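I opened my notebook to look up a few things in this structure. Here it is.

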Amino acid sequence: MTHRSAAVVLLLALAVLTLIPALLSAQSTGTTFGTSMTLSASPEYPTPNSSVQIKAASVFLNLNTSVITWYVNGRVVQSDIGATQFQITAGELGSETRIYVEAQGGNASAIAQGVVRPTEVDLLWEGDSYVPPFYRGRALPTSGSSIRLFAIPRLVPGGSSTPIPAEDLIYTWRQGGQILQGASGRGRYTATIEASPFSQTESVSVEVKTTDGELRGFASARIPSTDPKLVLYEDHPAFGILFHQALINGSTISESEASFSVIPYFAPEPTLKSSLLQYAWRVNGTPLTNDPTRPNTITLNAEGTDGNALIELAFTHATNYFISARNSWNLTLSTLGGNVFTDPFRGNQ
Amino acid sequence: MKILRYILVASTVFIIAALVWWYVFLRAEQGALQTIDAGRGANAPAPTFESFIGSTYENIVSNLSGEGNGTEENGVPRLRRITQSPVAGYGFVSNPLGTGAATSSARVRFVERATGYIFETSTDTNELTRITNTLFPKVYEAHVGKNGVVIIRGIDDNGNLATSVGIATTTPGSSSPKALSLTALSQNIEALVLKPSGDTILYIRENPDGTPTLMQALWNNANAKTLAETGISGWQLQFLEDGRIFLVQNIANGIVNNAYEVKGGRLLQSVGGVRGLMFLPQENSESVLYSSEDGTLSARMTNDVAPVTLPIKTTADKCVWAKAPSTTVYCAVPRNALTGSSEARLRGEIYTSDFWWSVEANSGNAKLLFSSDAPVDVENARLTSGDPHILFMNAIDKTLWALRIAE
């Protein structure tokens, strides 16, 4: 082979080696770079009529120097160099907003597409703790008590107006970021967890999705844990416990003999007579032994005294050492032997 | 003879002394009896049993004079306290129950807390009539339906909720109060509400596995059926005359809660994400009123319009809607800004002192309706039909009050 022939062969080889990348590059303007651009939404689980920020990202294409064109439901809504973000307003439940993005930079281009399907999930909770009958407030969890969770999802398929039945969805429950395997699964829209004795707040969340993953919803809650709250009421022989009239320091009782019941709101037992609940009463510094069948109630008779009663209560739990509460009430009872009486429903506040 | 005289004198002295002792003894016993009777809460003199109605009637009627404010109409003040004794609940009955022609005034029945006796009055008179004479002590909650159905709720010796139902068909024209026969319902009933007509009840029942369920049944719990799973048991139930059912989560300080309409076995959110939500839908209308724990009051007239913030600060449970299509709301507004926690109010630790406002919910125009010095913390307010009055209970002493809307 002559020197001339060798040079020609070398040139041809160099040309081929140079052209191959160029050819590959030309072929990559279609699907190859199309899958190298991703879209992300914030919030991740958009709710109806909420503002959603869509962001495009690519590891192969410099989007900051690329012309990026945004399509919403087939219509161009934005086209600009470096327009990597776009904001939309999610529709109603059951709506679908189709996003299509094209990026063109130099000899390279990429596409990405996605669908925004708004969903809603309500996460309801209550503590499995004691509240008195007819109390209109929520039972709050205390240390070591259970917390009842209930998810109400509203996942509506595109073009429909009817939510998918809750029992047909898949639920993933988390407590403190950890998946609760035993509580999660298909149709598991309720869950019960234990409130940690070491934390004042429980972080719980639930992700709900259809079996095909097309629709996803999410809800979370920060559930405060509390100590039992001791509130004292008069236990009237005719009217029962006066739940509407809590006794406070300085309250006066018109009778010389009266019964008082303490209500430990949020105690971690279903009934106040549970033997696990311990009531240590003191009146004017003297420990009091009361009826074991009614441990949360005491009866005082002030005849022959000055009528002042300092009632103190230390409330604990026999096995849960994190349950502890104290309170005291300075009351004045009548000393006139019960023949002076006024309506107990005249508020003391 | 002399001895006879001495014996006679001694006997006379002895008899006189014995009579004096007997008099003193009776006085002491009467004092004790007065205490027991006054312990029924009426601050009234001991019963004389002279009236054929009975002592409780006397206790209430004897205290009615001078218990009112505002201009009088037919001798009835514009704002009046109907009862001195605390009541467990009240309701409106058909006017009158199956007899005679209807009148424009509303007939109201209430259940006395200490005795369970049922009384009836009307908005245009100070008269009270006792309907029943069966004693049921310590009634904590009562519901009365237009057909005379009454539901009584208390707490048994074990601390469990006890619910009983009955029907009082006695009319005020009857000669005397009649016995009321009650049937006990099961013990696992949590919240309960009676439809205003009195024919249907709604309640949360705790199942053996601890899960709560919303149930609907006839007033005597016949034909009970499950309406929906509720997941939690802490709900306030609302059962409207138009048949719609709403559940509102029990509130907690600083915690958001939601209100739902029950439809087709599902809970459909009506209002959500409001701290300390109180909720009040209007009968036969899409309009709803709701409030947050700081007293911000909002009205949403239809499902597809944005809510309007009203210029008064109160909670929706202190309000009543006028009859649709009116957009007027009557609200009891605390004189002082709502301070302290919502939970503290529910536990009876704090009260408000309210006066009444009238608000146009669609425009936000508000005007003072009535103001008095009477300390009332309004709860459980309802509007009569026809001759418009607002009936409500005073949370301070659980007495029943009536306010005539027209001056």
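**Ground rules.** I am working with a predicted model, where local features need pLDDT of at least 70, side-chain atom pairs count only at pLDDT 80 or more, and totals for chains, interfaces and linings use all residues. Residues are numbered from 1 along each chain as its sequence is written, chains are lettered from A and ligands numbered from 1 in the order in which they are written, and side-chain values use heavy atoms, leaving out hydrogens and water.

**Entry 1: A:T47.** I found A:T47 in the loop between β1 (37-42) and β2 (51-58) of chain A. Strands here are DSSP runs (E, at least two residues), numbered from the N terminus. I then looked up its contacts (heavy atoms within 4.5 Å). Leaving out residues up to four places away in sequence, A:T47 touches A:A90, A:P118, A:T119 and A:E120. A:L93 is 46 residues from A:T47 in sequence, yet their C-alpha atoms are 8.0 Å apart.

**Entry 2: a sheet in chain A.** I traced an open sheet of 3 strands, with the order β8-β9-β13 and antiparallel pairing. β8 (120-127) and β13 (190-194) of chain A are at the edges; each has a single partner strand, so one side of each has no neighbour in the sheet. Strands pair if DSSP finds at least two bridges between them. I noted 8 bridges between β8(A) and β9 (146-154) of chain A. A:G127 stands opposite A:I147 in β9(A).

Key:
Helix = DSSP H or I, 4+ residues; strand = E, 2+ residues; numbered from the N terminus.
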